[in-house]
Structures are given as C-alpha cells and as structure tokens.
Amino acid sequence: LPFHHSTLYLPPCLFTQLDLLKPPSDHKVTCLSLLCFAKVSMSRFETTSYVNYEKLQSNIDIVRKRLNRPLTLSEKIVYGHLDDPHNQDIDRGRTYLRLRPDRVAMQDATAQMAMLQFISSGLPRVAVPSTIHCDHLIEAATGGPEDLAKAKDVNLEVYNFLASAGAKYGVGFWKPGSGIIHQIILENYAYPGVLLIGTDSHTPNGGGLGSICIGVGGADAVDVMAGIPWELKCPNVIGVKLTGSLSGWTSPKDVILKVAGILTVKGGTGAIVEYHGPGVDSISCTGMATICNMGAEIGATTSVFPYNHRMKTYLEKTGRGDIAALSDEFSHLLVPDEGCVYDQVIELNLDELKPHINGPFTPDLCHPVSEIGAVAKKNDWPLEVKVGLIGSCTNSSYEDMGRAASLAKQALDKGLKCKAQFTVTPGSEQIRATIERDGYNIHAVSMHDLCAFVLRCRRDVKKGEKNTIVTSFNRNFTARNDANPATHAFVTSPEIVVAMAIAGTLDFDPETDYLTSASGEKFMLEPPCGDELPARDFDPGQDTYQQPPPDGSSLKVDVNPQSNRLQLLEPFDRWNGGDLEDLQVLIKVKGKCTTDHISAAGPWLKFRGHLDNISNNMLIGAVNIDNDGINSIKNQLTGELGGVPDVARHYKANGLSWVVVGDDNYGEGSSREHAALEPRHLGGLAIIVKSFARIHGTHTTSCNREGLRVRCIVLKRPLTMDLHRCKHRDGSTDSLELNHTFNETQIEWFQAGSALNRMKAMQ
C-alpha cells in the first residue's frame with residue numbers, strides 16, 4: 001500500500017467492493033475482508049483514517065436542504081462534520097456547532113498537558129486517530145545534528161513519557177528529528193475535506209491542501225480524543241477573491257502579509273478565511289499552506305483553499321494518489337457553491353501585488369518592500385539587517401528552499417558573502433532528504449558559506465540594543481526571537497530575506513536596486529526560481545515514526561513524583577454554588593497582552609508538563625498599568641512590590657482569590673492553554689477583558705468589559721460585578737455588567753470546576 005507509516009486510507013468504494021454497506025464504526029477491518037484487495041497477510045489491521053466523502057456528501061445534502069442556499073467551501077467541510085446535521089442550530093457567528101473531527105495532532109510542548117489530561121480522564125484509548133510530533137523542544141544553539149542530540153538528552157524524560165503514553169493510549173509518535181509538525185501533517189495527514197484539530201495555533205497550515213485544520217488547546221484535543229463532540233462557535237466566512245497571477249519577486253507570503261495589513265491581528269476573529277477566484281491556480285500547494293499558516297496572525301479560526309490540480313499533484317507526489325483520485329471524483333464537495341455569500345469580501349489582484357514586509361513588533365504592520373526603507377528612517381528603526389532567517393512552519397517547503405537557493409547561488413557566483421548573519425531550516429526530514437538527494441545540498445552548503453548563524457545564541461548585540469532582523473516566520477512579537485525587547489523583527493518571504501541578508505540593509509529593494517560584485521561590477525538579482533515539487537517522489541528519509549501497538553492496556557506510563565518537568569494533574573475545585581466575593585485585582589494589564597506575555601516560551605518550554613513549575617512564568621511579560629513595570633505589582637496584603645506569580649501565590653496561601661483585568665484581543669498568539677491553567681492554578685477565578693483572542697477565549701472564563709461577580713451563570717444573561725472599594729460620597733458603590741460567551745455545555749464545565757471534571761463525572 002503506497003501510504004506513509006500507519007496511515008491507511010480506505011475509500012468508501014472499497015467497502016462497496018467488499019460487500020460492506022458502511023465503513024466499520026470502529027475503524028477496524030479484518031484481514032479476511034482485505035485479502036482480495038490489498039493482499040496483506042496480517043491477522044488484524046487498524047486504520048488510522050479513511051476518506052469518507054460519502055458521509056460528507058450526506059451531511060452536506062441534509063444541511064443544504066435545511067438552509068436552502070448555496071454553501072461556501074468552509075461551510076461544506078465544517079457542516080459536513082456535524083454530529084447531528086438534522087437538528088443542529090446553524091447561524092454563522094452566533095450558534096455553537098457540535099462537530100466530529102477526523103483526527104488530532106499535537107506538538108510535544110502542548111502534548112504533555114494534553115496527554116496528562118487524557119490520562120486523568122480514565123479512558124483506555126483515544127477514539128480518533130491522533131499523533132504527537134516532537135519539534136518544539138529542540139532548541140537551536142549550534143547546528144542541526146548537535147542540537148538534535150542535545151534535545152534527545154535534555155528532554156529524554158519528556159520524550160519517554162510522550163512515547164510511552166502514545167503507545168498505551170493508541171497515539172502515533174513522531175520522534176525528534178522528524179521535522180515541523182505542520183509540514184508532517186501536510187505530507188501525511190491533511191487531505192481535501194478533512195477536519196483536523198491540532199494543539200498549535202498554526203495548525204491551519206493544512207488549509208493549503210483543502211483541509212479545515214484548526215488550532216486548539218489541549219482540553220479541546222482531549223474532548224475529541226475521548227470521543228466527545230467538539231464545540232465550535234459557528235464561524236463567519238471571509239472571502240478573499242484572488243485574480244491575476246503571481247510572478248517575479250512576488251510570492252504566496254505576500255498574499256497573507258497584505259491580508260494581515262487589511263484585517264489586522266484581530267480582524268479574522270471568529271471567522272474562516274476562504275480564498276477563491278482564478279488567481280488561486282497560480283499558487284502552489286505549499287504556497288497555499290504558507291498563506292493559511294499565517295492566517296493565525298489575523299485571529300482567524302482557520303483558512304482554506306479550494307481543491308485544484310496543484311493539490312492533486314502534491315497528493316500524488318506524497319504517495320497519496322488514491323486520495324487524489326477520490327478528490328477528483330468528489331471535487332464538487334471541495335469547492336464553494338456558485339452564488340455562495342461571504343460575510344466580508346477582500347479582492348486582491350496578484351498581477352498588481354508587490355513584495356511586502358511586515359513589522360516590527362506586530363505581524364499586521366504592513367509595508368511594500370519598496371517603501372520600508374523610508375518608513376524605517378522616519379521611525380528611527382535600524383536599517384542594518386543583523387540576521388536573516390529562513391524556515392519555521394510557514395516557509396520551509398521544497399519550493400521555498402529552491403527559490404532561496406537560487407538567489408544564494410547568484411550572489412556566490414558574483415563572489416559575494418552575506419552581510420547579515422543567516423540561517424536556513426528545512427521543514428521536515430522528508431524535505432531535508434529530498435533536497436539532499438536532488439542536489440540542493442550544494443545550494444544548502446552555499447547558504448551556509450554565506451554565514452550560517454543561530455539566532456538564539458546571539459553575541460552580536462547586547463540585550464536592550466536596537467537592531468533589525470528579517471525572517472520568513474509568521475510572528476514577530478517583542479522579544480520573541482531572541483529575548484531582546486529592542487530587536488526589531490520583520491516578517492517577509494524567504495526570497496526577500498535572502499536579498500536583504502545579502503545586501504545587509506532594510507532599504508534594499510531587489511526589484512530596483514543593484515548589488516556590487518567582488519570585482520566591482522554592479523548587477524541586479526534575477527527573480528528567484530525553484531521547482532514547486534521534486535521531479536521524482538519525495539524521499540521520506542529516516543523512519544522517525546513510532547506506531548502504537550494494537551493493544552496498549554498492559555503498558556505503563558511512569559511519571560516520577562520528584563520530576564520537575566512532569567506532574568500528574570489534580571482536579572480543580574467545583575463551583576460551590578455561591579457568589580465569587582472579595583476578589584482582589586492581581587494586575588491590570590496595559591496594552592497588548594499575547595500568550596507570550598502571559599506564559600512565555602523559551603526556557604519555560606521544559607516545564608510544559610509541570611503545571612506548578614510553569615506557573616512561575618505567569619504574566620511575567622505583561623505591563624502593569626499602575627507603574628508601567630514588567631513583572632512588578634503591589635501585594636495588597638503586605639504593601640510591597642513583587643513578581644506577579646509570587647504575589648499570586650501569596651494571595652492563594654492566604655485564601656484570597658483574584659482576577660486579572662486586561663484590554664482588547666487578550667491572549668492572541670500561540671495555543672497555550674497554560675496561559676489559562678496557570679491563573680486558575682494560582683488562585684485566579686476570572687479574566688476580565690474587553691475581548692479575547694479566539695483560542696485563549698475557549699481556555700478562560702470568557703467575560704468582557706470590567707469586573708466580575710458570579711452567582712447563577714445563565715445562558716445569554718450578563719453577569720454583575722460590584723466594585724466594593726470605589727465608594728462614592730453617599731456611600732454607594734458601582735456595579736457593572738459583564739458579557740460572557742458560555743453556552744450550556746460550558747456552563748456545566750464551570751459548575752463542575754472544569755471540562756475534565758465534567759467528563760469524568762459523565763463516565
């Protein structure tokens with residue numbers, strides 16, 4: 001069977017050929033039934049996924065008849081996965097949908113807490129195909145092989161936990177060195193029409209292959225792995241109509257950079273961004289994935305492209321020709337209906353789109369490359385480019401590597417070295433092996449000769465020193481790349497990163513500006529070129545996948561009680577049925593507060609499986625509105641200043657519950673449920689803000705405006721907060737109303753103390 005590792009796709013027509021009326025409900029088929037088809041010689045065989053377009057078709061037909069209108073592509077896929085298509089209340093932007101995702105994917109940093117929660121549920125095995133991907137815990141320091149070896153040593157306890165938990169509970173395990181989770185998903189698990197959730201905010205990468213892939217927190221993943229319908233607020237749909245064609249220096253990355261500038265970091269909240277129009281066909285499958293990947297930076301639920309010949313070719317090149325054939329057969333399900341209506345429409349003419357660069361400090365500050373130099377001078381941003389980085393989950397495909405290499409070779413042929421320090425990272429072991437096989441290793445060495453460098457270990461600037469870096473990444477929040485808050489990070493395409501790294505300056509426009517060769521000759525870089533896909537199939541490289549055994553019930557998952565990296569979870573207390581009274585405001589956060597501010601990554605990644613230890617980073621990056629200090633708040637019990645986690649622990653030890661007050665789009669960024677678990681663990685009872693970013697809002701007490709008093713939380717009814725310390729001259733106090741977004745199920749979670757508590761109570 002031409003499918004990678006444990007993934008076997010059983011098309012519905014197979015069951016017809018085998019005289020089976022329906023795909024088996026437990027996803028298992030006996031060898032006897034398969035012998036006539038696959039000639040396999042196993043006694044039993046468990047499928048991890050199958051393409052069931054007939055079920056998708058059935059659900060879509062039911063919903064279309066009920067709604068009596070054309071459907072967008074995203075509506076087809078989402079509504080096609082409804083748990084109860086006959087009775088589900090469907091109203092975009094208002095109702096909550098109960099969905100049945102096809103599979104779950106988790107990266108190693110978030111998988112720790114997800115698997116700890118699943119273990120706490122008491123269930124024997126996951127109900128849907130699920131995988132763990134080891135990528136986030138590998139820290140760049142010296143070079144690929146050295147860093148991988150160090151990661152395996154430093155993270156041995158965590159990797160063993162994830163591997164053994166995966167084996168026991170039926171979860172596939174991609175070992176460290178496999179590559180970036182989103183590239184692995186694109187190569188193996190995404191396909192047109194699938195509904196996949198992943199515990200990483202850039203899971204939407206799979207939309208480049210016509211999938212609805214949504215980033216969630218570990219608690220949502222546990223729901224799905226437990227076989228519980230997953231709830232999602234019915235998304236609005238933003239249509240982006242593309243006309244014209246990409247050419248020259250303009251790349252797929254420029255599409256999303258431009259869209260981010262239009263919609264801003266919160267403009268996509270609560271919506272799926274659906275690309276359509278004749279311009280789509282000029283974009284490669286991995287280019288579409290790049291666009292969907294960075295859609296997370298506009299707050300979108302996910303992004304998606306319609307099925308086309310580019311996706312078909314990619315499926316065939318990654319060993320999934322049978323799925324490509326099925327996608328052709330059911331292609332009417334994988335494109336929007338004619339006449340469908342979007343909630344908002346953005347039009348982009350790709351013939352007119354120019355290269356863009358976004359930043360600094362936020363991914364929606366959009367500039368044409370031709371104008372960034374003047375803008376930088378006006379704002380006193382450093383022009384010298386210190387470092388250029390290519391890779392990350394956004395731009396690390398075969399095509400990206402080829403186009404970047406073509407520019408590096410031009411410079412080397414002219415005797416030039418890179419003026420900026422420079423790093424390149426392929427997206428997966430498969431990409432690495434394939435570019436090496438196809439001779440890209442020469443170009444990769446050329447890139448290394450240009451001056452390879454690892455950013456995390458910078459010695460070229462001191463902390464606090466202003467400097468500029470350019471990356472092909474997706475995020476550029478303050479201090480995200482190198483822990484230096486004075487680093488001005490810009491995101492752009494790999495092609496522009498290479499050009500600016502060669503020139504060494506932010507005001508270099510490769511479409512108009514010249515470079516000077518080692519011999520003194522002035523020349524312009526030719527527009528980048530590179531193959532979309534290898535001429536031959538991809539080389540999978542080393543086998544880095546661990547398939548779970550058919551029965552892991554006898555296996556054990558050991559967590560050392562003395563470990564400082566892993567800690568079994570204790571259930572949160574149930575709601576006692578009364579008001580939440582005498583709450584102290586721990587901190588009122590000033591301005592932007594991302595998950596990086598709430599629960600920083602970097603050195604804290606190692607504690608992702610230990611809730612108490614990682615809680616020591618709670619809100620240490622947030623700015624206190626009272627004193628403009630970072631990690632400096634007044635302890636109202638002692639009158640002394642202290643760090644946010646320290647004061648929170650002191651309040652908890654003294655029986656004083658507290659709340660956090662914040663601003664708009666609170667919690668944008670990564671899908672870190674730790675950013676919600678940590679406040680709860682340290683005695684927090686609510687987060688009170690103007691608005692939440694989508695993923696973080698599902699993790700927290702979703703209240704907005706200013707303040708809180710909870711009594712009987714009721715569906716669609718505001719809560720009330722009394723401000724006891726704000727008395728007027730007549731002795732009266734203020735009361736404020738708070739909106740919440742809890743539905744009936746979420747109210748049950750609140751009453752039970754957590755979603756996990758409710759899940760256990762229902763067993």
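Tutor: In helix 16 (residues 429-437), the buried residues are Glu429, Gln430, Ile431, Ala433, Thr434 and Ile435. Buried means under 20% relative accessible area, with exposed over 50% and partly exposed in between (1.4 Å probe, protein chains only). Helices (H or I, at least four residues) and strands (E, at least two) are DSSP runs, numbered from the N terminus. Just after helix 16, Gly439 has a positive phi of about 90°.

Residues are numbered from 1 along each chain as its sequence is written, and side-chain values use heavy atoms, leaving out hydrogens and water. The model is predicted: local features need pLDDT of at least 70 and side-chain atom pairs count only at pLDDT 80 or more, while totals for chains, interfaces and linings use all residues.

Next come the helix pairs. Helix 15 (residues 398-413) packs against helix 18 at an angle of about 20°, with the axes 9 Å apart. Axes are lines fitted to C-alpha atoms, for helices over the stretch in contact, and angles run from 0 to 180 degrees between N-to-C directions. Helix 15 is therefore roughly parallel to helix 18; angles under 35 degrees count as roughly parallel, over 145 as roughly antiparallel, 65 to 115 as roughly perpendicular and the rest as oblique. Helix 15 contributes Asp400, Arg403, Ala404, Leu407, Ala408 and Ala411 to the contact, and helix 18 contributes Pro494, Glu495, Val498 and Ile502. Contact means heavy atoms within 4.5 Å.

The axes of helix 10 (residues 252-263) and helix 11 (residues 285-294) come within 8 Å and cross at roughly 25°. Helix 10 and helix 11 are therefore roughly parallel as well. Their contact involves Pro252, Lys253, Val255, Ile256 and Leu257 of helix 10 with Gly287, Thr290, Ile291 and Met294 of helix 11.

The largest nonpolar core has 146 residues, of which Met115, Leu242, Tyr275 and Phe305 touch the most other members. Such a core is a set of buried Ala, Val, Leu, Ile, Met, Phe, Trp, Tyr and Cys residues joined through side-chain atoms within 4.5 Å. Helix 18 (residues 494-503) supplies the largest share of this core, eight residues. Beyond its neighbours within four places in sequence, Leu242 is in contact with several residues, among them Val255, Tyr275, Phe305 and Leu350. A second, separate core has 22 residues, including Met618 and Val647.
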